[in-house]
Amino acid sequence: MSFLSPLFLAALAGLAIPVLIHLIQREKKRVVVFPSLMFLQRIPYQSIRRRHIHNWLLLCVRLAVLLLIVLAFARPFLERSERVAASSGSREVVVLLDRSYSMGYQDRWAAAQAAAREAIEGLDSSDRASVVLFGTAADVAVRSSGDRGRLLAAVDAARPTASATRYAPAMKVASTILAESGLPRLEAVLISDFQRAGWQGSEALQLPAAATITPVPVGGLPGGAANAAVTGVSLDRSTFSSQERVTLTAVVASFSPEPMTVPVALDVEGRTIQTETVTLPPGERVSVSFAPVTLTGRNTRATISLAPDGLDHDNRLHVAISPLELLRVLVLDRGGRGDASLYLRRALDIGERPRFEATVRPPDAVPEDLLSRAAVVVVNDVEVDAGLAGRLQRFVEQGGGLFVAAGARTSWPGSSGGWLPASLAGPVDRRNAASRLAGVEYGHRLFEVFRGPRSGDFSVARFFGYRAATAAADARVLARFDAGSPALVERSVGRGRVLLWTSSLDLEWNDLPLKPVFLPFVHGAVTHLAAYAVPSAWLTVGQVLDPAAAAPALAAETATVLSPSGVRVPVEDGEVFELAEQGFYEIRDARGGGDVVLVAGNVDTAESDLTPLDPQDIAAAATADPSSARAFAQSAPISPEAQEGSQRFWWYLLCLAVLLLGADTLLSNRLSRAHNG
Amino acid sequence: MDAPRTPFAGARFVDPVVLARIGNLELVARSVVDGFINGLHRAPYFGASVDFAEHRGYVPGDDIRRIDWRVFARTDRFYVKEYEADSNSNFSVLLDMSASMNFGSRGITKFEYARILAGCLTHLVHRQRDRVGLVAFDTGIVEHVPPSAKHMEVVLHVLDRLKPTKAGSLREPLRRLAEHFGRRGVVVIISDLYDDPDVVAEAIAPLRFRGNDVIVFHVLDPAEVEFTFADASSFEDAESGVQIPVVPDALRAEYRSLVQAHIDALTRRFSETRVDYMFLDTSKPIDFALFGYLTTRARMLRTRQ
C-alpha cells in the first residue's frame, strides 16, 4: 500500500483537534467565580490538566472520521505484483545537456559535464541512454545506446556554443526518443543552469505520460551572478563632404545586483578607436555614443566590446557596416512637351533611406547597361514599342521592378502586353465630375505607411481622367476609382513585380502630385518594386541567413560562406544557412571572384540575464502531475482501468467517513438530550 | 434579668440564610442578641456580668453619691461601690469587605454573614455600655466609625450600606489601624483570611501589641471548605480575575487538605500570638459565633483576675 499524495498525511496532526476540543472546550464554556485561587494554584498544573474524557465513543468516532478523510486525500493505492516486477525493469534515459553560452559562466560547464557523466555511469547494463545537446535548437549526439563509452565521449566532446537556451526543442526531442522506446521505465535528466529566459510559459514541454524528469541545476546562486552585456547598437548615418559617416550608439546592460564600472571600447577593422567608461546601476541599461566613423568602403567591421567578465560571449557585439546603397530608378519619359516627370523626379530626390538616383531617358534611347543597373523602371506615359516591351519583360523576369503610369499616350504592343497586370482600354474623361480614389488596400506593403489613422488621405486627390483597365486574373487590384475601375494593379512576373497606375504622374489628369500623400506613395511604390529592405547591421546566432538575399550582387549560383572559425560552407542557390557562431561571416562567390558580403553574427543577449527559474516548474510542466509521474516512474505503463481500480480506495474511505459523520450526529444529539434532560 | 420580648425570640437559632433576608440589621441584631442573652440565664458563663465588682473604702475626693449607704448603716464606715461597668472598653469590629467576601453558595454570602455577625456583636456589646466602633477595609480603610457609646446606630447604618467590590489585603489597613487604636479595647476582625498564615499573623500582631484583646472570626463558605463543585469549569479569581481550568473531582481531596492546613496554621499562629481565633462557616447559626465571643471574653476576664 502506498499513497499518491503522501503530503496529505501531514494532516493527521489534525487528529489532535477533537482531543483538544474534548479536553479544553468543554470546560471553557462554564466560568465559576471563586473567592480565591490561592489553594487551587498551589496544586500542580499537570494534575489540573489531567482530565476525564466524558465520551470516549464520540471522541473515537470523530477521530475515525478525520483519519478516513486524511487517508482518502492521500490517495492510497495498491501496487500489484506485475508492477512490482516492472519497477525493476530497464530504463530509457535521455540526458539533456544545456550547451548555451551561459553555461560558460564560471565553472558551470564542468559541473554540467560531471552531472551528465554521473547520470550515464549510473546506468545498468540493460539500460539505454541518449545524449541530447541543446541551445536554441537540440541535437541528438547519441541516440538510445547502451554503449557507455560512446555516451561519455559525446559528453566529453560537447562544448558550450554561442546559442541561447530554449527548453522546448530539447524536451520535444526527449519526448520523441522516450515515446519510441520499448523499455518500461522512461527518464529524462535535464542538466542546465535553468535560465528564466529559456522558457516562455506558453511553450509545451510535455513528456510521455509514464516518463519522469530529473532536473539537475548547475551553477551558483542567481543573486551573486555579476554580468554585463552589450545588448544592441544603433547606427546614425549622416553625410559629410560627400562621405558617409556613422555614429554608433551602444546599449550596455547590467545583470548584476551591484553597480558596475566597465570600459566600453569601439574597434573598427581591428583597431581600437575609442574607449568610454560607464557606470552601470544594478539591472539597468546605459547608452554609450561614440564619435562618428567615416565609412571608406563596404564591409567595415566594427566591434563594441566590454572588459572580460564571467560570461564572455555577450561582452562583444559585432557590426558589419556598409554605405547605404543607391536605389537606381530609370524613368522613361517622352520628353519634349512639358516635363511629365517633374514631380516624380522631385519626389525621388528627397529620399534618404534609401537614397534614390533617378535617370530620365526617352523610350527609344535606353542603353542596356543603364537598364541592367536599374532596380526599378518607371514607364511614364510613353508609347512602348515591341523591342522595348521585350527588354522590359526580361528585366522584370530577372527581378526588376516596373512601374507603368498609363496616361493618354500610353500604348503597349498588343502581342507583348499579356504579362502586364491589366489590359488598358480608352481614356475616361471625368473633367466635369472629378473621380476619387476608393477601395485602397491599406493592408498592402505599399500603403502600409497610410494604414494608421490620420496618416494620409488619398480621397483628397481629384482625378479628371484615367484609363479604363481590366485586371488580369492573377493580378491584384490595390486601389480603385470610385466608379470601380482599377487605379493601381500589381502582378508578379518572374522574379520581379509590375505596378500599373492607370492615371498620369503629373498634373495632366489629376492633382495627386500636389497632395501630401504623393511623396510617400512614390517612395513606397519604388521600394516595394525594388524589394528594398533596410539592411540589418547584424544577425543573431540561431537566425537563418539567406545568401541570395544578403548578397544579391553575387552572380554565382553557388555561394560559399566562411564562418568566423574559418570553416567554408558551400550554399547552393535557394539554400539557407543557420548562424551558429559569433563573429563575422563572409559570403563569397564559390569561384573565388566577385564581391564579398560581410554579415555579423552576435549572441542572443536574452541569455545574458542569468536569473534562473525554479527547476521544479520545468518538471511540473513536463509531467502533468509531478507526484503521479514520480509514482508511475516506478512502474510500467498499465491500462487506465487497472490504474483506476488500484487507486479507488479513496472513494470507499470517503463514503465510510460520511457514514461515520452521520453516526456522530446521531450520537451527539442523543448525548446532548441526555445531558440536558 | 428580664429581657424585652421580641417577635424573634428564637432568632439566634435561625438559619443565617433566613436572617439575611431581613433587611433591617438592627432588628436582626436585637432579635438574635436578646434571644441569645435570654438563653444564657442557664449558662455557666454568666459570671462575666459587668455590674457590681467590689466595695472599697471612701477616700476624700470620691463622689459622695457613690457611697453605699446601706453598708454605712451596718458598719458605720464609708464604702464606695465599684462596678465593672465603670471600666467601659472600646469595642471595634474590623470588617473585611474585599471582593472575595462576596461569595456564597447557599443563599448567603460571607459578607452578609459577617455583617449580621458584626451587627449582633455590636448590639451585644452596646448593651454592656461599651463603646462601639466599626472599621471596614479592603486594601485600605473604607469606612471608619470611631468607638463611642452613641455610635450604635451609626455602626448599624454603615454596616447596612457596605458593598464589597474591590480586592483586599490585611497588612496595610491593619498597620494603619494599629497606629490609630490608642486606647486599649476589644478588636474583632471578621475576614476570610485569604493570605499566607504568617502574613495574616504578622498583620494582626501590631494590634495585639497595643494591648488590645483581638478576636478573629475566620468566615468561609461551606463550598470553600468542602469544595463540592462537580463539573469541570474555569475558576475565576473574584479579586484578580485570573482564570484556571479546574476539574474538581481530580483535586478535591488535595484542596481540602490545603484548606485544613491553612486553618491549622492560622490556629497555631494565633495561639502563639495570643490572639483568639474562631473559624466559622456560613451555615452555622449566628449564636454559635456569639457564644464563641462570650467564651473568649470570660476567659479574658478570668485571666485578668
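Author: Two strands are taken to pair if DSSP finds at least two bridges between them. Everything that follows concerns a predicted model.

Reader: With that cut-off in mind, how many bridges join strand 11 of chain A to strand 12 of chain A?
Author: Strand 11 (residues 260–268) and strand 12 (residues 271–280) of chain A run antiparallel, and V264(A) stands opposite E276(A) across them. The two strands form a hairpin with two residues between them, and in that turn E269(A) has a positive phi of about 55 degrees. Because pairing requires at least two bridges, strands 11 and 12 of chain A qualify as a pair, and the number of bridges joining them is nine.

Reader: Which strand of chain B does strand 2 of chain A pair with, and do the two run parallel or antiparallel?
Author: In general, the strands of a sheet pair through backbone hydrogen bonds, either parallel or antiparallel. Here V33(A) has E236(B) as its bridge partner, and four bridges join the two strands concerned. The partner is strand 8 (residues 233–237) of chain B, and the direction is parallel.

Reader: In what order do the three strands of that open sheet lie?
Author: The pairing within the sheet is mixed, and neighbouring strands are turned by 35 degrees against each other on average, direction ignored. Strand 2 of chain A and strand 9 (243–246) of chain B are the edge strands, each pairing on one side only.

Reader: Which element supplies the largest share of the side of chain A that touches chain B?
Author: In the contact between the chains, 22 residues of chain A meet 27 residues of chain B. Helix 1 (16–28), strand 2 (31–34) and helix 2 (45–49) of chain A each supply at least two residues of that side of chain A, whose residues divide into eleven nonpolar, four polar and seven charged. The largest share, four residues, comes from strand 2 of chain A.

Reader: Is F227(B) buried or exposed?
Author: Most residues other than glycine have a negative phi. F227(B), however, has a positive phi of about 55 degrees although it is not a glycine, and F227(B) is found in the loop between helix 8 (222–226) and strand 8 of chain B. Because F227(B) has 21 C-beta neighbours inside 10 Å, and 20 or more are needed, F227(B) counts as buried.

Reader: And is D76(B) buried or exposed?
Author: D76(B) lies in the loop between helix 3 (69–75) and strand 2 (79–83) of chain B, and has a phi near 60 degrees, again a positive value in a residue other than glycine. Because D76(B) has 7 other C-beta atoms within 10 Å, and the limit is 12 or fewer, D76(B) is exposed.

Reader: In which helix of chain B is confidence lowest?
Author: The mean pLDDT of chain B is 79, and 78% of its residues reach 70 or more. The pLDDT is below 50 over residues 1–10 of chain B, a stretch with twelve contacts beyond near neighbours in sequence, and also over residues 40–49 of chain B, where such contacts number nine. Where pLDDT is low, the predicted coordinates should not be read in detail. Helix 3 of chain B has the highest confidence, at 92, and the lowest, at a mean of 63, belongs to helix 2 (residues 25–39) of chain B.

Reader: What ipTM does the model score?
Author: The scores for the model are given as a pair, and they are to be read alongside the per-residue confidence. The pTM is 0.49, and the ipTM is 0.76.

Terms used
Residues are numbered from 1 along each chain as its sequence is written. Chains are lettered from A and ligands numbered from 1 in the order in which they are written. This is a predicted model: local features need pLDDT of at least 70, side-chain atom pairs count only at pLDDT 80 or more; totals for chains, interfaces and linings use all residues. Two residues are in contact if their C-beta atoms, placed from the backbone, lie within 7 Å. Ala, Val, Leu, Ile, Met, Phe, Trp, Tyr, Cys and Pro count as nonpolar, Asp, Glu, Lys and Arg as charged, and the others, Gly among them, as polar. pLDDT is the predictor's confidence in each residue, from 0 to 100. Axes are lines fitted to C-alpha atoms, for helices over the stretch in contact, and angles run from 0 to 180 degrees between N-to-C directions.
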